Amino acid sequence: MSAPSPSNARACEGRVAARARRLPEAGGAVLRRALLWLGAWLVLALAGGLSQAWDSPRVVAQAQKLSPATLVRAQALVQLIGEAASQEEESRLKSINAFFNRQILYRDDREIWGVVDYWASPLETLNRGQADCEDFAVGKYFSLLAAGVPGVKMRLVYVRAQIGAVIQAHMVLAYYPEPGAEPLILDNLLTDIRPASRRPDLIPVFSFNAEGLWQGVAGAHAGDPSARLSRWRDVLAKAKAEGWW
C-alpha cells in the first residue's frame with residue numbers, strides 16, 4: 001500500500017490540531033497538548049517520515065574496509081538487529097542495550113580520539129571497540145532505528161549525572177512507549193533499563209533526535225537539532241553514509 005501524500009498527512013495533522021483547539025481551556029490543557037503531539041506524530045508517520053533506509057549490506061561492506069575485528073562486531077550487530085526486528089519493542093531495547101554495554105568498553109574521548117569531545121558513528125565505535133557516553137547513546141539509537149523502532153519514540157538526552165560525589169555531563173538514550181509516557185532510560189552506566197523515575201541520579205538538560213530538539217526530556221521544542229548541534233549533524237551524515245538510516 002502506498003504512503004499518503006504529504007498534503008494528506010498535513011490535513012490529518014490539521015484535523016487533530018483543530019480538535020485540540022476546541023477543547024475548553026479549563027481541564028483540557030493536558031489533553032490539548034497530547035492531541036497536538038499526536039498530530040505531529042501522525043504527520044510524520046503518514047508522510048513517510050518514520051521510514052528508515054536501513055542498508056545492512058552497506059553497513060557490512062563499510063565495516064569490512066575498516067578491520068577484521070570491526071567486521072566481526074558489525075556482522076554480530078546486524079544479525080542481532082535482524083532477530084530483534086520481529087520482537088516486541090521493549091525486547092529490542094534490551095537486546096541492543098546489552099550488545100553495546102557488553103561489547104564496547106567505556107573510555108574518554110581523549111583516550112580514544114585524542115580530543116576533548118568527539119561524536120563517533122556506529123561503525124567508528126565498533127571499529128575502536130571503545131566509546132564514551134555519547135557514542136553509546138548514538139550507537140543504540142541508530143541500531144534501534146534499524147530494528148524498526150520509530151525515531152519519534154527515542155531521544156538522546158544530555159543529563160547532569162551524579163556519580164558518587166561528583167556531578168558530571170553525561171548522555172543517555174530515552175525511549176517513550178507512547179506520547180507523554182514516562183521514558184525508559186538506556187545507559188552505559190547500568191546493565192538494566194529503568195524508567196526515568198528510578199534514575200534520580202540523572203537531571204535532564206536537553207534532548208534531541210533526527211526530528212527535533214527539546215528542553216529536558218519533555219519540555220518545549222527548541223528547533224532543528226542538526227542546525228543547533230554541529231556534532232550531531234556530522235554523526236547523522238556519517239551514519240547515513242554507513243547505511244544506518
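**Entry 1. Terms and model**

I began with a definition: two strands pair if DSSP finds at least two bridges between them. I also noted that helices (H or I, at least four residues) and strands (E, at least two) are DSSP runs, numbered from the N terminus. The model is predicted, so local features need pLDDT of at least 70 and side-chain atom pairs count only at pLDDT 80 or more, while totals for chains, interfaces and linings use all residues. Residues are numbered from 1 along each chain as its sequence is written, and side-chain values use heavy atoms, with hydrogens and water left out.

**Entry 2. The whole protein**

I looked up the secondary structure and found ten helices and eight strands. Of the 245 residues, 42% are buried (under 20% relative accessible area; exposed is over 50% and partly exposed lies in between, with a 1.4 Å probe and protein chains only). The protein exposes about 12200 Å², and carbon and sulfur atoms supply 55% of that area (Shrake-Rupley method, 1.4 Å probe; for residues, only the protein chains shown count as cover). I then turned to contacts, meaning heavy atoms within 4.5 Å. Among contacts with a separation of 6 or more, 55% join residues 24 or more positions apart.

**Entry 3. The sheet**

In general, strands of a sheet pair through backbone hydrogen bonds, either parallel or antiparallel. I traced an open sheet of six strands in the order S6-S5-S4-S3-S7-S8, with antiparallel pairing. Its edge strands are S6 (194-195) and S8 (213-215), each of which pairs on one side only.

I next followed individual pairs. S3 (residues 154-163) and S4 (residues 166-175) are antiparallel and share ten bridges; Leu 156 has Leu 173 in S4 as its bridge partner. Two residues lie between the strands of this hairpin, where Gly 164 takes a positive phi near 65 degrees. S4 is joined to S5 (residues 184-186) by three bridges, again antiparallel, and Ala 174 has Ile 185 in S5 as its bridge partner. S3 also pairs with S7 (residues 202-208) in the antiparallel sense, over six bridges. Which residue in S7 does Val 159 stand opposite? I found that Val 159 stands opposite Pro 204.

Helix H5 packs on the sheet and touches S4 and S5; the direction of H5 makes about 20 degrees with that of S5.

**Entry 4. Helices H4 and H5**

I looked up how H4 (residues 68-84) and H5 (residues 89-103) are arranged: their axes come within 10 Å and cross at roughly 170 degrees. Axes are lines fitted to C-alpha atoms, for helices over the stretch in contact, and angles run from 0 to 180 degrees between N-to-C directions. H4 is therefore roughly antiparallel to H5 (the term for angles over 145 degrees).

The residues that meet include Leu 77, Leu 80 and Ile 81 in H4 and Ile 96, Phe 99 and Phe 100 in H5. By class, this contact has eight nonpolar, one polar and two charged residues. Ala, Val, Leu, Ile, Met, Phe, Trp, Tyr, Cys and Pro count as nonpolar, Asp, Glu, Lys and Arg as charged, and the others, Gly among them, as polar.

**Entry 5. Two residues**

Leaving out residues up to four places away in sequence, Thr 70 touches Ala 63, Leu 123, Leu 126 and Asn 127.

I then looked up Glu 111, which lies in helix H6 (residues 109-112). Glu 111 counts as exposed because its relative accessibility is 57%.

Methods:
Angles under 35 degrees count as roughly parallel, over 145 as roughly antiparallel, 65 to 115 as roughly perpendicular and the rest as oblique.
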